[in-house]
Amino acid sequence: MVDIVEAYSGEGQYDSPHCGSCDEEKSQKFYCSDCNCFLCEDCAGAHKKLKVLSSHHVKEIGNFESSDAQDYARRANVCKQHKDEVRFYCEQCVICICRDCAILEHRDHNIVSLDKGVEKKKSEIENKMRAVQTNGSRLRNQKGSLEKRRMRVNNSFAQATEEVHRAPNAT
């Protein structure tokens with residue numbers, strides 16, 4: 001689900017998610033459920049033009065319905081290597097893994113259940129959100145303070161300018 005939100009909110013910024021089909025750094029605006037891949041506008045167009053891809057189900061992310069999100073979540077929960085359901089979370093690699101991955105490739109890593117992994121990540125996100133809110137509040141206070149300083153500097157500048165203009169008239 002986070003992938004959907006990140007793809008939809010990507011406004012072409014350098015650090016936003018990019019097309020899963022081509023190497024160009026273009027915003028993801030579409031999703032192909034057959035490829036299980038987010039696409040840029042050009043690759044979505046190619047899906048319509050190429051005979052081999054024309055039967056694929058491509059949908060604009062902004063037009064996603066709850067059934068589309070559920071379909072994506074179901075497909076996203078399958079290991080791409082072993083085509084098995086992901087059930088574990090590898091804390092060392094920071095990825096969701098299936099049973100085969102846990103046994104074959106991550107056996108020496110710290111592996112927890114998917115539920116525990118979700119809870120841990122949720123806690124991390126909540127902590128980061130609190131930090132952002134605290135920083136936002138602090139920055140708003142600093143902005144207010146800087147605005148007051150700017151007003152004082154502008155007033156001082158206006159007064160000094162007025163005094164300079166009056167000085168030649170006084171003599």
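The model is predicted, and its chain contains five helices and six strands. Read from the N terminus, these elements follow the order α-β-β-α-β-α-β-β-α-β-α. Of the 171 residues in the protein chain, 22% count as buried.

**Overall surface and contacts**

- The accessible surface of the protein chain comes to about 12,800 Å², and carbon and sulfur atoms hold 52% of that surface.

- An open sheet is formed by three strands in the order S2-S1-S3, and their pairing is antiparallel. S2 and strand S3 (58-60) are the edge strands, each of which pairs on one side only, while the twist from one strand to the next averages 30°.
- In general, the strands of a sheet pair through backbone hydrogen bonds, in either a parallel or an antiparallel way.
- S1 and S2 run antiparallel and are joined by three bridges; within this pairing, Phe30 has Leu39 in S2 as its bridge partner.
- Helix H2 lies across S1, S2 and S3, and its direction makes an angle of about 105° with S2.

**The nonpolar cores**

- The largest nonpolar core is made of eight residues, namely Cys19, Phe30, Cys32, Cys37, Leu39, Cys40, Cys43 and Ala44. Strand S1 (30-32), strand S2 (37-39) and helix H2 (41-49) are the elements that give two or more residues to this core.
- Apart from this core lies another one of seven residues, among them Ile97, Cys98, Cys101 and Ala102.
- Leu39, a member of the largest core, touches a range of residues beyond four places away in sequence, including Cys19, Phe30, Cys32, Ala44, His47 and Val58.
- Cys43, which also belongs to the largest core, has its place in helix H2. Cys43 counts as buried because its relative accessibility is 12%, below the 20% limit used for that class.
- Leaving aside neighbours within four places in sequence, Cys43 is in contact with Cys19, Ser21 and Cys22. The C-alpha atom of Cys43 is separated by 9.6 Å from that of Gln28, a residue 15 positions away along the chain.

**The aromatic pair**

- A search of the whole structure finds one aromatic pair. This pair is formed by Tyr31 and Phe38, with 5.1 Å from centre to centre and 50° between the planes, and it is tilted.
- Both partners count as buried, since the relative accessibility is 3% for Tyr31 and 9% for Phe38.

**Two residues with positive phi**

- Lys83 is not a glycine, yet it has a positive phi of about 55°. Lys83 lies in the loop between helix H3 (66-76) and strand S4 (86-90), and it counts as exposed because its relative accessibility is 65%.
- Val94 is likewise not a glycine and has a positive phi of about 60°. Val94 is found in the loop between S4 and strand S5 (95-98), where a relative accessibility of 45% means that it counts as partly exposed.

Definitions and conventions:
Residues numbered from 1 in each chain as written. Predicted model: local features only at pLDDT ≥ 70, side-chain atom pairs only at ≥ 80, totals over all residues. Heavy atoms only, no water. Core = buried A, V, L, I, M, F, W, Y, C linked by side-chain atoms within 4.5 Å. Buried < 20%, exposed > 50% of the residue type's maximum accessible area, 1.4 Å probe, protein only. Helix = DSSP H or I, 4+ residues; strand = E, 2+ residues; numbered from the N terminus. Contact = heavy atoms within 4.5 Å. Phe/Tyr/Trp six-rings, centres within 6.5 Å; stacked < 30°, edge-to-face > 60°. Areas by Shrake-Rupley, 256 points an atom, 1.4 Å probe, with all protein chains shown as cover. Pairing = 2+ DSSP bridges. Axes fitted to C-alpha atoms, helices over the stretch in contact; angles between N-to-C directions.
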